[in-house]
Amino acid sequence: MDAKLLLLCLAVLFATLVFVWALEQKSKMTVRRRLQGLNGRRSDDRQVWKGIVGLVASKLTSAKDRAQTQELMMGAGFPKSWQTDAFICLRTFLFLSALIAGYIFIDIDFSRLFAKPLPPLEFLFLLFVAGRLPGWVLTEMKKRRQNRIRLFIPKAVDMLTICMDCGMSLEDALERISDEIQKRAPEVANEFRMARYEMLVIDRVAALSRMKKRTGVTEMEELAGSLLQSIQFGTPLTEALRTIAAEARADQISELEQKAGRVSASIGIPLIVLVLFPVLALIAAPAVINLARTLTF
């Protein structure tokens, strides 16, 4: 227990040192921003803390892992860089907390590991879950968001076709559609709104290319590809949009048919466990009871 208490003290000391280091970095960044902002604007504390989180996250992971994490975050609906940094810090904090809590609360006897193998296995399982849980949650959030986008894409494409037929520009059409579907499909609305803002700041080709990579949804990639082709080569857009909407609806119907076909196979095991075994028990119960009475007397 003394070793565990020592570990807890070291963890508290480490957390204190990190907190003091973060405050020092905050003061340095605040001074730097004030020196750079001599035009009269006040420094934003949120930007300072975001910079500190980014600095800490850069020390905790490699560039390749951060790129993969940022791709997952963008697919889950968190496109900003500081959100990726916060997720990396939270993932590391969760793993270290599980490491300390497992060492303190799980009674591991290192001298008798083979005699008592269950506590070390529990400790390893705890570390495995703590290390993988944030990634699992983020992947599940990405899949659910992609399914919601995929569900509403045909309607959004139909609305975009109507707006383009009315003579609206692409930026105005995306803004109008994002305002109309904000309550029903906020994921699609946010993607369209972000693409419009990027078109105004950068250009159409770069904005559509970023939207194509950001979602990971096939229908959205086809939509961005058709828009890019229309902008670069002047191809007719409305017919391509109608084709994309029809194909998206056909894919949704096919997916529903596949799910309906898997219902009969999925329900077989519950029927066997919950119906067949009780029926067999009811049929065999009288014979078993009579046999037990005969053997008893």
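Helices are DSSP runs (H or I, at least four residues), numbered from the N terminus. This is a predicted model, in which local features need pLDDT of at least 70 and side-chain atom pairs count only at pLDDT 80 or more, while totals for chains, interfaces and linings use all residues. Residues are numbered from 1 along each chain as its sequence is written, and side-chain values use heavy atoms, with hydrogens and water left out.

Contact here means heavy atoms within 4.5 Å. On the helix 7 side, the contacting residues include Phe 192, Ala 195 and Met 199; on the helix 8 side, they include Arg 204, Leu 208 and Met 211. By class, this contact comprises seven nonpolar, one polar and five charged residues. Ala, Val, Leu, Ile, Met, Phe, Trp, Tyr, Cys and Pro count as nonpolar, Asp, Glu, Lys and Arg as charged, and the others, Gly among them, as polar.

Which residues does Leu 170 contact, leaving aside its neighbours within four places in sequence? They are Leu 160, Met 164, Met 199, Arg 204, Leu 208, Leu 227 and Ile 231. Leu 170 is found in helix 6 (residues 170–180). Its relative accessible area is 5%, so Leu 170 is buried (under 20%; exposed is over 50%, partly exposed in between, with a 1.4 Å probe and protein chains only). Leu 170 and Arg 196 are 26 residues apart in sequence, and 8.2 Å apart in space, C-alpha to C-alpha.

Finally, the aromatic residues. The structure holds one aromatic pair: Phe 128 and Trp 136, edge-to-face, 5.9 Å centre to centre with 70 degrees between the planes. Rings of Phe, Tyr and Trp (its six-membered ring) pair if their centres lie within 6.5 Å; planes under 30 degrees apart count as stacked, over 60 as edge-to-face and the rest as tilted. Phe 128 is partly exposed, at a relative accessible area of 45%, and Trp 136 is partly exposed, at 45%.

Technical notes. Helices (H or I, at least four residues) and strands (E, at least two) are DSSP runs, numbered from the N terminus.
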